[in-house]
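Try each task before you read its solution.

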Amino acid sequence: MKMIVGLGNPGKQYEDTRHNIGFKIIDNFAKENNEKIDKIKFNAEYAMFYINGMKYLLIKPTTYMNLSGEAVRKFVDYFNIDIEDILIIYDDLDTKTANFRLRNRGSSGGHNGIKSIISHLGTEKFNRLKIGIDRPNNGMKISDYVLGKFSKEEEIELEKIYKKCNSCISDFSKLSFLDLMNKYN
C-alpha cells in the first residue's frame, strides 16, 4: 500500500491558498483516477483505491497544518505502513512557483507541517514531493503570503504541473524512490 498525504488547512477560507497546494495535488490525482476523497478517519479526509493492482491511500489531514503529524502517525499505525511507502506533498517557499522537487529526507526547513510529521514519525527520512510557491518579494510576512491565494498567472502555471505530479504519484508505486527522483528532478 502507498500512502500519499497532501498537506493543507481545512475550511473554505484556506481552500485556494498557497499553503494548501498539497490538498490541490491530492484532489487532482483523485479526480484523474475517478475517485473522491470522501471518507473520514483519524482527523483526516481520505480515499482508498487500487491503480494497476497497487492500493493507494490518499490522505488530507484536517488537523490544520501545524498538527499534520498526528493524522499521519495514526494512519501509519492503523494500516501498518512502512515509512518508505509514504509520500508527503506540500508547499515549498524555496522552490519556484509551478516547479517541484522530490526528496527522501531532510529537515523541516521551517515548514510546520513537516516539523509535526518529523516529530510524530521520529525521523527526517521520509519521501516528499515539494511543490514550489516561491517567496514573497514585496516584504510581505511569510504567514500572510502562504495563506494568500495564487495570482491568475500563477494558477495558469500550476495547471501545467498537475499532469506531471499525477504521473509522479503513479510512478511512486512502480519505481524505487531514487529512480523516481532521477526521472522527475
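**Exercise 1: Tyrosine 64**

Tyrosine 64 sits in the loop between strand E4 (54–61) and helix H2 (68–79). This is a predicted model, so keep that in mind as you go.

Task: work out whether tyrosine 64 is buried or exposed, or something in between.

Solution. Start with its relative accessible area, which is 41%. Buried means under 20% and exposed means over 50%, so tyrosine 64 comes out as partly exposed. Next, look at who touches it: beyond its neighbours within four places in sequence, tyrosine 64 contacts Gly8, Asn9, Pro10 and Tyr14.

**Exercise 2: The annotated set**

Solution. Now zoom in on asparagine 66, in the loop between E4 and H2. Asparagine 66 is partly exposed, at 45% relative accessibility. Setting aside residues up to four places away in sequence, asparagine 66 touches Asn112 and Ser116.

**Exercise 3: Histidine 19**

Task: say where histidine 19 lies, and which side chain it joins in a polar contact.

Solution. Histidine 19 lies in the loop between strand E1 (2–6) and helix H1 (21–32). Its relative accessible area is 13%, so histidine 19 is buried. Its side chain makes a polar contact of 2.9 Å with that of aspartate 91.

Key:
Residues are numbered from 1 along each chain as its sequence is written. This is a predicted model: local features need pLDDT of at least 70, side-chain atom pairs count only at pLDDT 80 or more; totals for chains, interfaces and linings use all residues. Side-chain values use heavy atoms; hydrogens and water are left out. Helices (H or I, at least four residues) and strands (E, at least two) are DSSP runs, numbered from the N terminus. Buried means under 20% relative accessible area, exposed over 50%, partly exposed in between (1.4 Å probe, protein chains only). A polar contact is a pair of N or O atoms within 3.5 Å; within protein, one must be able to donate a hydrogen and the other to accept it, and residues adjacent in sequence count only if both atoms are side-chain atoms. Contact means heavy atoms within 4.5 Å.
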